[in-house]
Amino acid sequence: MPKEKLAIVGLGYVGIPLSVLLADKGFDVVGIDVSAERAMKINEGVLPLKGDEPELDELLAKAVAKGKLRASTDFSMCSDRDAIFVCVDTPINESHKPNNSRLMAAVTSIGENMRKGTLVIIESTIAPGTMMNVVAPALERSKKMKMGKDFKLAHCPERVMPGRLLYNLRNYDRVLGGLDKQSIARASSIYSRIMKGKLHPTDLTTAEVVKTTENTYRDVQIAFANEVALICETLDIDAFEVRRLVNSCPFRDMHVPGAGVGGHCLPKDPWLLVHGGKAAKPKLIPTAREVNDGMPLHIVDLTMKMLANAKIDKRKACVTILGASFLQESGDIRNSPTIPVMRSFKSCTKLTVHDPYVTEIDGVDVVSDLRSALEGADIAIFMVAHSQYASITPATLKKFMRTPRVVDGRNIFSTEKMKKAGIAYSGIGKRLS
Ligand SMILES: NC(=O)c1ccc[n+]([C@@H]2O[C@H](COP(=O)([O-])OP(=O)(O)OC[C@H]3O[C@@H](n4cnc5c(N)ncnc54)[C@H](O)[C@@H]3O)[C@@H](O)[C@H]2O)c1
């Protein structure tokens with residue numbers, strides 16, 4: 001049975017699975033969050049996250065029942081901990097700069113309460129330079145402790161993803177940046193209890209750049225695929241066929257175009273990298289962000305064109321949006337591309353939003369019954385590739401919609417099938433004829 005006493009600060013998509021896996025391996029774990037409601041739910045053994053997260057609710061209930069995990073809003077519980085993990089959200093502000101207010105609040109409270117010898121591990125994604133310029137000074141300030149001598153410091157950014165939280169945590173390799181060898185050795189001995197993947201040791205700044213670059217790489221690749229999709233639409237050819245053929249060439253891996261990029265991470269991590277590397281005046285990364293942010297508006301354009309072709313006034317249209325979360329099989333709506341699309345159609349006669357995992361988005365109630373969502377609609381906009389949508393047939397659309405028209409943001413249907421069924425159809429990277 002491991003002896004270390006641990007605290008996890010920030011009990012969200014990252015902090016909860018981490019707490020649960022550590023508690024399951026026998027560590028004494030205290031979870032700390034600013035939300036009393038969240039702490040209460042966890043203490044009741046109830047998972048406060050939406051979406052399909054295999055095994056997580058059972059493991060959480062088990063850890064709480066065994067007394068290995070308890071949650072609180074009280075940072076004084078950090079005072080007897082050997083290691084404290086920080087998993088708070090790290091958003092950006094409107095001018096794309098890091099908003100470190102939650103991170104600062106968390107590390108300041110930790111600094112005020114931790115004892116000498118504590119290891120502090122930041123798991124949150126942060127701009128390059130944050131460990132040395134923000135986190136370390138805040139920890140040193142509170143009790144006049146010296147980093148290295150009085151406390152140890154590591155940065156082990158997460159690679160989890162909603163829908164695969166436990167799987168990724170257990171199986172993926174991770175990068176572990178440390179202040180010194182002891183920081184890395186102590187953090188490694190804890191992580192190696194819960195993961196099968198390899199730990200790659202490095203320094204703190206390299207770990208910050210690796211994490212933000214991973215997500216930036218993906219964002220830029222998606223932007224590239226989206227730009228190719230927009231080109232294909234103007235040439236009246238299918239971007240998905242182009243992708244298939246491009247990827248038949250060795251060493252090519254074109255990503256999948258789509259209706260936009262959402263979630264807590266991908267829309268902001270590139271800006272964290274840009275902020276940390278601003279001296280290099282990055283150009284490609286901000287442009288990629290702009291391309292991806294433009295995709296929901298392109299969906300609006302495709303929808304408006306289809307309504308105009310059918311001579312339907314937008315204000316008189318009944319519009320159904322399918323998919324509210326930012327990702328398939330998830331209830332996470334943070335920065336969901338569905339939000340800007342919804343806002344464009346709020347003034348139409350009837351706006352219906354359907355999602356199997358979400359109950360409310362941007363002040364609008366979300367329906368979970370697919371049939372009633374489609375009933376009477378003039379146009380259906382598919383924003384998320386939830387597996388449930390793959391079973392929708394042209395016959396279903398024709399049966400329930402007032403007039404079957406589809407805008408496909410996620411390549412759910414084939415142009416041929418839709419045309420054959422006489423359904424007006426367009427979408428990201430789709431042929432018009
Ligand atoms: N969600 C993901 O899939 C994912 C993947 C990799 C990395 N990350 C990174 O991990 C970090 C956390 O992301 P998340 O998705 O878990 O966020 P989240 O919003 O789900 O959870 C954050 C939690 O921190 C709490 N919190 C905020 N300020 C606090 C404070 N001062 N003290 C204590 N608790 C506080 C919030 O109440 C919330 O419960 C972010 O930096 C994110 O970029 C997230």
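A salt bridge here is a side-chain nitrogen of Lys or Arg within 4 Å of a carboxyl oxygen of Asp or Glu. I start from that rule, and I note that the model is a predicted one.

**Entry: salt bridge E214–R159**

I looked up E214 and found a salt bridge with R159, in which the closest N and O atoms are 2.4 Å apart. I then asked how many salt bridges the count gives between domain 1 and domain 2. The count between these domains is 1. For the protein, the count by this rule comes to 25 salt bridges.

**Entry: salt bridge D28–R81**

I picked D28 and R81 from the model, and their side chains meet in a salt bridge of 2.7 Å, N to O.

I took the domain assignment, which gives domain 1 as 5–197 and domain 2 as 203–433. I noted that 31 residues from domain 1 and 28 residues from domain 2 take part in the contact. Over C-alpha atoms, I have the centres of domain 1 and domain 2 separated by 33 Å.

What area is buried between domain 1 and domain 2? I wrote down about 2,500 Å², with carbon and sulfur atoms giving 69% of that area. I also counted polar contacts between the domains, and 7 residue pairs qualify with both residues at pLDDT 80 or more.

Next I asked which elements supply at least two residues each to the side of domain 1 that touches domain 2. I listed helix 5 (130–143), strand 6 (152–155) and strand 7 (174–178). I sorted that side of domain 1 by class and got 16 nonpolar, 9 polar and 6 charged residues.

**Entry: E140**

I went to E140, which is found in helix 5. Setting aside neighbours within four places in sequence, I have E140 in contact with M145, K146, M147 and F151. With K146, I noted a polar contact of 3.4 Å between the side chains.

**Entry: overall form**

I read the secondary structure of the protein as 15 helices and 15 strands. Along the principal axes, I recorded a C-alpha trace spanning about 70 × 50 × 40 Å.

Technical notes
Residues are numbered from 1 along each chain as its sequence is written. Side-chain values use heavy atoms; hydrogens and water are left out. Domain bounds come from an automatic or database domain assignment. Contact means heavy atoms within 4.5 Å. Buried area is the accessible area (1.4 Å probe) that two parts lose on being put together, summed over both. A polar contact is a pair of N or O atoms within 3.5 Å; within protein, one must be able to donate a hydrogen and the other to accept it, and residues adjacent in sequence count only if both atoms are side-chain atoms. Helices (H or I, at least four residues) and strands (E, at least two) are DSSP runs, numbered from the N terminus. Ala, Val, Leu, Ile, Met, Phe, Trp, Tyr, Cys and Pro count as nonpolar, Asp, Glu, Lys and Arg as charged, and the others, Gly among them, as polar.
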